[in-house]
Amino acid sequence: MILPNKTSKVKTTGGYRTKGAKDKHKRCTRGFRRSNSTGQCEPAQYFIKSNGPDNTLFSNDLIGDLSKSPEVKQALRNKGVAFLTRSQFMSLKTFQSYIGNNDKLIEKIGYTCEDVVASEYIEETLNEVLEDDEPNPYMDILFIKNRKQKILGFLIAELGACRTRPQTYAINLVCSESGLGKLLVGACLYCIRFNENVATKACVLELAHAYRNTTAFFVYSRMGFNVDNSLISDNCFHDAQQLPMSLKLTDKYTKQYIANAMVRADFKQIDVHDNTGIYDLGLPLKYSEDKG
């Protein structure tokens with residue numbers, strides 16, 4: 001949650017309270033702080049300062065609004081995580097401690113990609129978007145962190161990555177721990193749809209390892225992406241080992257619809273054009289779920 005006004009900690013026995021709240025509210029218990037916007041005690045992890053420059057795609061205000069949506073807010077709380085925009089991340093002590101040592105920073109963040117993406121590509125892409133002085137103006141990054149400020153995943157979006165669609169954002173790279181990918185993808189679509197500075201309400205991507213990357217295929221299909229072979233060309237996506245997908249963010253993509261797609265267990269995309277029939281079969285159960 002974004003805290004609109006600066007607050008200071010007033011140490012008291014048993015917890016912290018917002019300055020000026022002495023005569024208005026009982027103090028919050030340790031680990032909680034009172035929200036200026038709702039007046040309720042909220043977990044301290046959700047108080048993210050929005051100071052610093054705004055971001056290309058993932059605006060501080062939009063990510064703050066999404067995080068306050070009841071369904072998304074509950075999902076973030078249950079998982080003990082929160083979103084971080086680029087400017088918010090760069091103001092953290094975690095980032096400040098790695099200034100001048102990009103290799104260590106990238107190692108710390110990139111571990112969530114495991115072996116799915118080539119390490120050289122991860123390093124090159126993160127260097128572009130996290131360059132302190134001159135970050136790539138066509139790229140933006142969104143993080144997801146836990147209570148201990150550990151980065152559990154990130155998504156990088158790039159405007160014009162497909163040169164035949166110069167005004168369309170592409171999901172360049174997504175890496176996350178299990179269960180967090182759909183939150184990042186949903187947040188990306190939310191910002192494309194509702195950021196007034198984004199001209200084309202659509203998104204494209206290449207799915208690494210195509211249908212063999214089953215979990216990612218289900219995440220993207222759930223959010224509304226369909227296979228789009230028209231993207232295959234020398235000026236767009238040309239790697240035959242990847243699967244091109246696209247999505248048009250039509251009027252049905254309301255704030256509530258995107259939130260439902262991100263977090264509801266019973267949500268199923270009804271207009272997926274999947275000739276393989278994989279999406280209709282449902283995501284395969286894990287070994288522990290079907291008892292072998």
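Biologist: Is C236 buried or exposed?
Modeller: Keep in mind that this is a predicted model. Buried means under 20% relative accessible area. C236 comes in at 9% relative accessibility, so C236 counts as buried.

Biologist: Which cysteine does C236 form a disulfide with?
Modeller: A disulfide here needs two cysteine sulfur atoms within 2.5 Å. The sulfur atoms of this pair sit 1.9 Å apart, and the partner of C236 is C162.

Biologist: How many residues apart are C162 and C236?
Modeller: C162 is in the loop between β7 (151-159) and β8. C236 is in the loop between β10 (226-227) and β11 (243-248). The pair links distant parts of the chain, and the separation is 74 residues.

Biologist: Is the disulfide of C162 and C236 right-handed or left-handed?
Modeller: Look at the torsion about the S-S bond, which is about -120°. With that torsion, the disulfide of C162 and C236 is left-handed.

Biologist: How many disulfides does a search of the whole structure find?
Modeller: One of them is the C162 and C236 pair. C113 and C175 form a disulfide too, with sulfur atoms 1.8 Å apart. Searching the whole structure gives a total of 2.

Biologist: Which strand holds C175?
Modeller: C175 pairs with C113, which is in the loop between α5 (102-110) and α6 (119-130). The two are 62 residues apart, so to speak at distant parts of the chain, and C175 is in strand β8 (residues 169-176).

Biologist: What is the handedness of the disulfide between C113 and C175?
Modeller: C113 is buried at a relative accessible area of 3%, and C175 is buried at 3% as well. The torsion about their S-S bond is about 100°, so this disulfide is right-handed.

Biologist: Which residue forms a salt bridge with D228?
Modeller: The cut-off is a nitrogen to oxygen distance within 4 Å. The closest N and O atoms of this pair are 3.5 Å apart, and the partner of D228 is R165.

Biologist: How many residues apart in sequence are the parts that D228 and R165 tie together?
Modeller: D228 lies in the loop between β10 and β11, and R165 in the loop between β7 and β8. D228 counts as buried at 13% relative accessibility, while R165 counts as partly exposed at 28%. The parts this pair ties together are apart in sequence by 63 residues.

Biologist: Which helix holds R193, the salt bridge partner of D251?
Modeller: The closest N and O atoms of D251 and R193 are 3.9 Å apart. D251 lies in the loop between β11 and α9 (255-263), and the pair ties together parts 58 residues apart in sequence. R193 lies in helix α7 (residues 181-194).

Biologist: How far apart are the closest N and O atoms of R264 and D266?
Modeller: R264 counts as partly exposed at 38% relative accessibility, and D266 is exposed at 56%. They form a salt bridge, and the distance between the closest N and O atoms is 2.8 Å.

Conventions
Residues numbered from 1 in each chain as written. Predicted model: local features only at pLDDT ≥ 70, side-chain atom pairs only at ≥ 80, totals over all residues. Heavy atoms only, no water. Helix = DSSP H or I, 4+ residues; strand = E, 2+ residues; numbered from the N terminus. Buried < 20%, exposed > 50% of the residue type's maximum accessible area, 1.4 Å probe, protein only. Salt bridge = Lys/Arg side-chain N within 4 Å of Asp/Glu carboxyl O.
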